[in-house]
Amino acid sequence: MKEQSVCFSGHRVLTKNEMTTLEEKLNAELQGLIAAGMHHFFVGGALGFDTLAARCVLRFREKNENIRLILVFPCREQTSGWNKRDVAAYEEIKRQCDSYIYLQEQYTRDCMFIRNRYLVDNSRCCVCFLKHTRGGTYYTVRYAERRGLSVINLAEQGGNAGSGNT
């Protein structure tokens, strides 16, 4: 399964303009990845980029029954502190996904890093939206590079979706 798997990592806070641009880029990348034989898509279930990626994968799955969306949650308490609208979106994506896993029962200081490593360790490719050289997305992308994954950073793709950067 790993050879047909893609993970996503990106920032939680996105501007409205970034959301629109990223959706277009994600759709173009997904089209290319699916054509290349990728069928399993691992998403961390966080706000922002994760939510956008999950929704895009679900739209592709409507047209291709081989597509699988697997949500990887760091802990059962992930939505603690989220607003009602974001929790509702999370629950809807969770209801529609093919499978999900909680890596821990409760929140710990390192549960997000454990989740991020799980995403990378079970994938061949990492599609990311990385703009900053700090934080969880930066850590995840550097880990993916060290593990030899192909990394596609949508933040580095001007209007050139589909080109794939490493």
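Analyst: Helix 2 (49–63), strand 3 (68–73) and helix 3 (84–96) each supply at least two residues of the lining of the largest cavity; helices (H or I, at least four residues) and strands (E, at least two) are DSSP runs numbered from the N terminus. The model is predicted, so local features need pLDDT of at least 70 and side-chain atom pairs pLDDT 80 or more, while totals for chains, interfaces and linings use all residues. Residues are numbered from 1 along each chain as its sequence is written, and side-chain values use heavy atoms, without hydrogens and water.

Helix 2 gives the most, with three residues. A cavity is a set of points on a 1 Å grid over the protein atoms alone where a 1.4 Å probe fits but cannot get out, and lining residues have an atom within 4 Å of a point. Seven of these residues are nonpolar, two polar and one charged (Ala, Val, Leu, Ile, Met, Phe, Trp, Tyr, Cys and Pro count as nonpolar, Asp, Glu, Lys and Arg as charged, the others, Gly among them, as polar).

The space inside is about 60 Å³, the volume being that filled by probe spheres set on grid points joined across faces, edges and corners. The structure holds one cavity of 30 Å³ or more.

Definitions and conventions
1 Å grid on protein atoms, 1.4 Å probe; cavity = no way out; pocket = protein on both sides within 12 Å on 5 of 7 lines; lining within 4 Å.
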